[in-house]
Amino acid sequence: MFNPDRATLDFLNRFPESAREAGEAWHKDGRVTQIFGNHLQIRGKVETPGGVVLDTTLSLKGDGWVGESDSPDGAECAGLYATMLERLKRGRNLPDSPNEVGDKPLPELLEERLGRELATSEEQFLSKLERRYKKFAVDGAIYDHDLLRLEPRWEVAGYEALDLWPAAPTDIVEFWNYLAYALEKRGYGYPRFMAPVTDVEATGEKLLGWEREREVAEWSERVGRFAAGETLDEPVRAGQLRLMITTNEARLQWLSEPAGEVGGETARTVGDGEPEGGWLSLDTAAVLEMVELHERGKLALDPDSDLLWASYLNYRGRAGVDEVRLEHGTAGRFLNELFRRETLI
């Protein structure tokens, strides 16, 4: 434990008596659930007796400490007092990243549960995960390019923050389980050495209601747009589909029909920058666009393409992912179903 220096004593003495008493009680009760940082800045999370989790920041500016909190009490927040007491208690053992689970760093917990030391490649993966979680703990958001650091096959679909959980994870294990669920849902899987701290099934059950609510909200928005007549004049997109199969995956490809009359409406193509008269491989964003067009009745396909599209949508619903990765059993059953349909061969 650190002996408080003059800057720390000055900081603690600035609090009113009521905040000092509450801060001491919160610290004694173990309500500082997370703390990490260095000699210049420390971040913490403090759970109040009412169940509200406060984000706290202690910054050394000049010769003194400055505290920031999302509490209405601001700089006089009892959580800041409790965070400083936790800093003094930790002393030189203050973690530089929020990788603790209880009172153990995640690497130590994994080695204990695996019954062995981590391999170099495993330590490197954990280091990437810890950096992602530290960034999340500071910024409160995670993006496609963060997942790309953990899984090179992760497809970057945009630069908006990802919506992977109904409430922010409280520690690195909960954070990891949300990521593992997303990786598993896309068909990528996760490193086997992480299994002792991973429960994708339980995470999926926890997210089930939340995901259904999101789906209902999306459908309500679409129905509302349709009822308002926003899509009634949108031109139909017409073309053909085929499936390109490689050694690792099967990917839908699209060939646009020339602009013209389709079903009494003017047709236009799918995708920007498509080669004239060429087949375009559909990435996740393009597949989602086509799904939305299909749901709005704005996608025109020939009979064979329509049958392929129906089979793909059936696969997509069962697998829960847009990609068709050949190493997964669901993808194999999808292709087997197609190969038995003479019209699609």
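Before you click anything, one term: a contact means heavy atoms within 4.5 Å. You are looking at a predicted model, where local features need pLDDT of at least 70 and side-chain atom pairs count only at pLDDT 80 or more, while totals for chains, interfaces and linings use all residues. Residues are numbered from 1 along each chain as its sequence is written, and side-chain values use heavy atoms, with hydrogens and water left out.

**Stop 1: L129.** Select L129 and show what surrounds it. Setting aside neighbours within four places in sequence, L129 is in contact with L106, L150, I172, F175, W176, L179 and M194.

**Stop 2: the core.** Now widen the view to the largest nonpolar core, which has 33 residues. (Such a core is a set of buried Ala, Val, Leu, Ile, Met, Phe, Trp, Tyr and Cys residues joined through side-chain atoms within 4.5 Å; buried means under 20% relative accessible area, exposed over 50%, and partly exposed in between, with a 1.4 Å probe and protein chains only.) L106, L129, W176, L179 and M194 have the most contacts inside this core. Colour α4 (106–114), α5 (120–139), α6 (144–150), α7 (172–185) and α8 (200–227): each supplies at least two of the core's residues. The largest share, ten residues, comes from α7. (Helices, H or I with at least four residues, and strands, E with at least two, are DSSP runs numbered from the N terminus.)

**Stop 3: helix α2.** Jump to residues 17–28, the twelve residues of α2. End to end, from first C-alpha to last, α2 reaches 17 Å, close to the 16 Å expected at 1.5 Å a residue (the expected span is 1.5 Å times one less than the number of residues). Pick out A19, G23, W26 and H27, which are buried. They sit on the same side of α2 because they cover an arc of only 95° around the axis, taken from the directions from the helix axis to the C-beta atoms. Turn to the face away from that buried side and you'll find E17, S18 and K28, exposed.

Stop 4: What do the buried residues of α2 pack against? Select β1 (32–37), β2 (41–47), β3 (53–61) and α3 (78–90). β1 is mostly covered, with five of its six residues buried. β1 and β2 form a hairpin with three residues between them, pairing in the antiparallel sense over five bridges (strands pair if DSSP finds at least two bridges between them). Find G37, which stands opposite I42 in β2.
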